[in-house]
Amino acid sequence: MKRSEINRIMAEADEMIRAHGFALPPFARWSPEDFRARAAEARHVIDTRCGWDITDYGAGRYDEMGLFLFTLRNGKPEDLSRGKGMCYAEKLLISKEDQLSPMHTHHIKAEDIINRGGATLVIELHGSDDEGNFAEDRGGVVMCDGVARPYGPGEKLRFAPGESVTLMPGDWHAFWGEGGDVLIGEVSTVNDDETDNIFREPIGRFSTIEEDEAPTHLLVSDYADWLR
C-alpha cells in the first residue's frame, strides 16, 4: 500500500469514528516525531502494538479485501499465561461495504464482535475439525448477545447496529459491510496479530508500504523500524 493511501484512510476512519460518538485516545494524534520523543513513557503502547493498523492482506486491493483497525488497549501474553493482570484487549474496526476480511480463526483469542454503527455487518461462519482446522462441512454454535445461536457451515449471520456475536477459537469467520460501511467494536482476550491469526488461504496479515509521502501517524507495523 502507498503511504499516501494509508494517510487518507486514517483521516476518513477518524471522521467516521467521531461521527458515531467515539473518540480515539491521545496517542492516536501523535506524529512520528512525537512517538520518538515519548517512546520511553509509551513503552506499553509500543510493546502491545496499540494504535493504527491498516491492511490489504498483501493483496493490493484494499477496497475489495482489507480492514481498518485501531487497537485501543491490549495486555501481554504473559498476563494470560499467569492467569491474572491485563488479560483483555479492545479495538475499533471499520469494514467498508463489500470489503472482505478473509476467512480466519484464532488459536487463543476469544472475541466479541459488535456492530457499533453504520450499515449491516455480515459474518460468514464455518466450524473446525478435531484439530481446529477449517472444516467445509461443519457448523457450530456462537453466542449472539448472550443467546446461543447454532450456525450451519458457510452460514452468513447479519448484525444490525448494537448487535454482537462472541467468537471462540475454532470459529472460522470472514466478514464485510452490507449496504454501507460498518464501525465495529472488538472486545477480546489479549490480542497477538503477529502469531494468532490463522488464515484459510496463505495471505499476509500486514501490508508492504510504499513510502510516497511522510506518514501522518505511525502504524503498529512501523514501530519496529521507526522507534528503534
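Modeller: Rings of Phe, Tyr and Trp (its six-membered ring) pair if their centres lie within 6.5 Å; planes under 30 degrees apart count as stacked, over 60 as edge-to-face, and the rest as tilted. A search of the whole structure with this rule finds seven aromatic pairs.

Biologist: What makes the pair of W52 and F68 edge-to-face?

Modeller: The ring centres are 5.9 Å apart and the planes stand at 65°, so the rings pair and count as edge-to-face. W52 lies in strand β1 (residues 51-55) and F68 in strand β2 (residues 67-74), so the pair ties together parts that are 16 residues apart in sequence. Strands here are DSSP E runs of at least two residues, helices are H or I runs of at least four, and both are numbered from the N terminus.

Biologist: What kind of model is this?

Modeller: This is a predicted model: local features need pLDDT of at least 70, side-chain atom pairs count only at pLDDT 80 or more, and totals for chains, interfaces and linings use all residues. Residues are numbered from 1 along each chain as its sequence is written, and side-chain values use heavy atoms, with hydrogens and water left out.

Biologist: Why is W52 called buried?

Modeller: Buried means under 20% relative accessible area, exposed over 50%, and partly exposed in between (1.4 Å probe, protein chains only). W52 has 3%, so W52 is buried. F68 has 1%, so F68 is buried as well.

Modeller: F134 and W172 also form an aromatic pair, with 5.7 Å centre to centre and 90° between the planes. That angle passes the edge-to-face limit. The pair links distant parts of the chain: F134 is in strand β6 (residues 134-135), W172 in strand β11, 38 residues apart.

Biologist: Is F134 buried or exposed?

Modeller: F134 has a relative accessible area of 17%, so F134 falls under the limit and is buried. W172, at 4%, is buried too.

Biologist: Which rings are linked into a cluster?

Modeller: Ring pairs join F27, W52, F68 and F70.

Biologist: How do you know that R3 forms a salt bridge with E211?

Modeller: A salt bridge is a side-chain nitrogen of Lys or Arg within 4 Å of a carboxyl oxygen of Asp or Glu. For R3 and E211 the closest N and O atoms are 2.7 Å apart, so the pair qualifies. This pair links distant parts of the chain: R3 is in helix α1 (residues 3-19), E211 in the loop between β12 (198-199) and α5 (223-226), 208 residues apart. R3 is buried, at 0% relative accessible area. E211, at 45%, is partly exposed. The whole structure holds 21 salt bridges.

Biologist: What makes D14 and R18 a salt bridge?

Modeller: Their closest N and O atoms are 3.5 Å apart, so the pair meets the rule. D14 and R18 both lie in helix α1, four residues apart, about one turn of the helix. D14 is buried at 15% relative accessibility. R18 is partly exposed at 46%.

Biologist: How do you know that K96 forms a salt bridge with D181?

Modeller: The closest N and O atoms are 3.9 Å apart, so this pair also meets the rule. K96 is in the loop between β3 (88-95) and β4 (101-105), and D181 is in strand β11 (residues 172-189), 85 residues apart. K96 has 24% relative accessibility and counts as partly exposed. D181, at 31%, counts as partly exposed.

Biologist: Which residues are linked in a network of salt bridges?

Modeller: D53, K91, D193 and R205 are.

Biologist: How do you know that R205 lies over the face of F206?

Modeller: A charge sits over a ring if NZ of Lys or CZ of Arg is within 6 Å of the ring centre and within 35 degrees of the ring normal. R205 lies over the face of F206, at 4.7 Å from the ring centre.

Biologist: What does M16 touch?

Modeller: M16 touches I94, G117, D181, V182 and L183 (heavy atoms within 4.5 Å), not counting residues up to four places away in sequence. M16 lies in helix α1. M16 is buried, at 15% relative accessible area.

Biologist: How many cavities of 30 Å³ or more are there?

Modeller: The structure holds one. About 140 Å³ of space lies in the largest cavity. Of the 20 residues lining this cavity, the closest to its centre are L67, L69, H104, H106 and N197. The largest share of the lining, three residues, comes from β11.

Biologist: What makes a space a cavity?

Modeller: On a 1 Å grid over the protein atoms alone, a cavity is a set of points where a 1.4 Å probe fits but cannot get out; lining residues have an atom within 4 Å of a point. Points are joined across faces, edges and corners, and a volume is the space filled by probe spheres set on the points.

Conventions:
On a 1 Å grid over the protein atoms alone, a cavity is a set of points where a 1.4 Å probe fits but cannot get out, and a pocket is an open set with protein on both sides within 12 Å along at least five of seven lines; lining residues have an atom within 4 Å of a point.
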